[in-house]
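Welcome, and thanks for taking a look at this one. Please have the viewer open while you go through the points below.

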Amino acid sequence: MKKADVILLIVILVLGMAGIGFYYGTNRNASYVLVQVDGELVGTYDLREDTVVTICSGQDGENILEIRDGKAEITSANCPNGDCVVHKEISKSNESIVCLPHKMAVWVVTELKEEAPDTYAY
Amino acid sequence: MTKNKKSKVKKIAEYACLLAFAMMVSYVEALLPFQLGIPGAKLGLANVAIVFALYLIGARGAFCINISRVILCGLLFGNMYSMLYSLAGAIFSLLIMIFLKKLPGFSMIGVSIAGGVMHNMGQLCIAVFITSVPVLLYYVPFLMIIGAVTGLLNGWLAKAVCDRVKKQIEK
């Protein structure tokens, strides 16, 4: 390993650590779950209300979203990889779960923004 | 003429061996039940073969092998979606590796570290592009660190392979 390699590694690790510090420094307990399919917001749920939702996407894409004890989690899905199911439950702002094959994303926020009235549709 | 022909045959054999090597490690990796906590993050062992190819046969050869590997492995073990996804990572990482290899002072390990990080960044870009969820950008620091660590391991492995094999091939 040469000097330049070590410098590169240290720079990347320091930047990464700083980023992670920022991530944990700014995340807060979230109150709402937003669900998006193919770039469009399709649902908003309250994290305090336990519920199970089936998120449909595309032709026959299905992800089961479960909200329990203030945490949101994908419990099952029919996508090829199942990365979204493997993902741990989310409850802090900045956290998200994504299912790329279904172009589906679930993330949590601390409060709903006024300028997006669509978020109240559900 | 004969010499020229011979070197062409040698080149074909080398490319084929390297492609087989790259596909083999991809397959072995697919067999490993190994999760790094963040979904989708993995060791990327195939990069050992790509870094090795980059040093052995140069940028163009490594590019050909990498693209062929992604397409073939996608057809064999993945699907259209995973293929597109690895293609993005493969191209991002190879471009930075080719660039870094040209700069003085970097060894195989540094090149591999940069490749690992950029591979993850490339995939994240595609993910943000496909889903248009900006919160995903919070993954950047995690993916940087994972990319650097896996790149370090892969680079070290590639160097070990290179040291042993290069003498044999150059005979």
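Chain B and chain A bury about 2,800 Å² between them, and carbon and sulfur atoms give 76% of that area; buried area is the accessible area (1.4 Å probe) that two parts lose on being put together, summed over both. On the chain B side, B:Tyr81, B:Tyr138 and B:Ile145 lose the most area to chain A, together 20% of what that side buries. This is a predicted model, in which local features need pLDDT of at least 70 and side-chain atom pairs count only at pLDDT 80 or more, while totals for chains, interfaces and linings use all residues. Residues are numbered from 1 along each chain as its sequence is written, chains are lettered from A and ligands numbered from 1 in the order in which they are written, and side-chain values use heavy atoms, with hydrogens and water left out.

**The interface**

- Contact (heavy atoms within 4.5 Å) involves 30 residues of chain B and 31 residues of chain A.
- Four residue pairs are in polar contact between chain B and chain A, both residues being at pLDDT 80 or more. A polar contact is a pair of N or O atoms within 3.5 Å; within protein, one must be able to donate a hydrogen and the other to accept it, and residues adjacent in sequence count only if both atoms are side-chain atoms.
- H4(B) provides the largest share of the side of chain B that touches chain A, eight residues. Helices (H or I, at least four residues) and strands (E, at least two) are DSSP runs, numbered from the N terminus.
- The side chains of A:His87 and B:Tyr139 make a polar contact at 2.6 Å.
- A:His87 counts as buried because its relative accessibility is 9%, where buried means under 20% relative accessible area, exposed over 50% and partly exposed in between (1.4 Å probe, protein chains only).

**Strands of chain A**

- Strand E4 (residues 61-68) of chain A has six of its eight residues buried.
- E4(A) runs antiparallel to strand E3 (residues 51-57) of chain A, joined by seven bridges, and pairs in the antiparallel sense with strand E5 (residues 71-77) of chain A over six bridges. Two strands pair if DSSP finds at least two bridges between them.
- A:Leu65 is the bridge partner of A:Val53, and A:Leu65 also stands opposite A:Ile74 in E5(A).
- A:Gly58 takes a positive phi near 55 degrees in the hairpin of E3(A) and E4(A), which has three residues between the strands.
- A:Asp69 takes a positive phi near 50 degrees in the hairpin of E4(A) and E5(A), with two residues between the strands.

**Salt bridges**

- Over all chains, a search of the whole structure finds six salt bridges.
- A:Glu89 pairs with A:Lys71, with the closest N and O atoms 3.6 Å apart. A:Glu89 lies in the loop between H2 and E6 of chain A and A:Lys71 in strand E5 of chain A, so this pair ties together parts that are 18 residues apart in sequence.
- A:Asp46 and A:Arg48 meet through their side chains at 3.0 Å, N to O, and A:Arg48 is exposed at 60% relative accessible area.
- B:Lys159 and B:Asp163 form a salt bridge at 3.5 Å, N to O.

Methods
A salt bridge is a side-chain nitrogen of Lys or Arg within 4 Å of a carboxyl oxygen of Asp or Glu.
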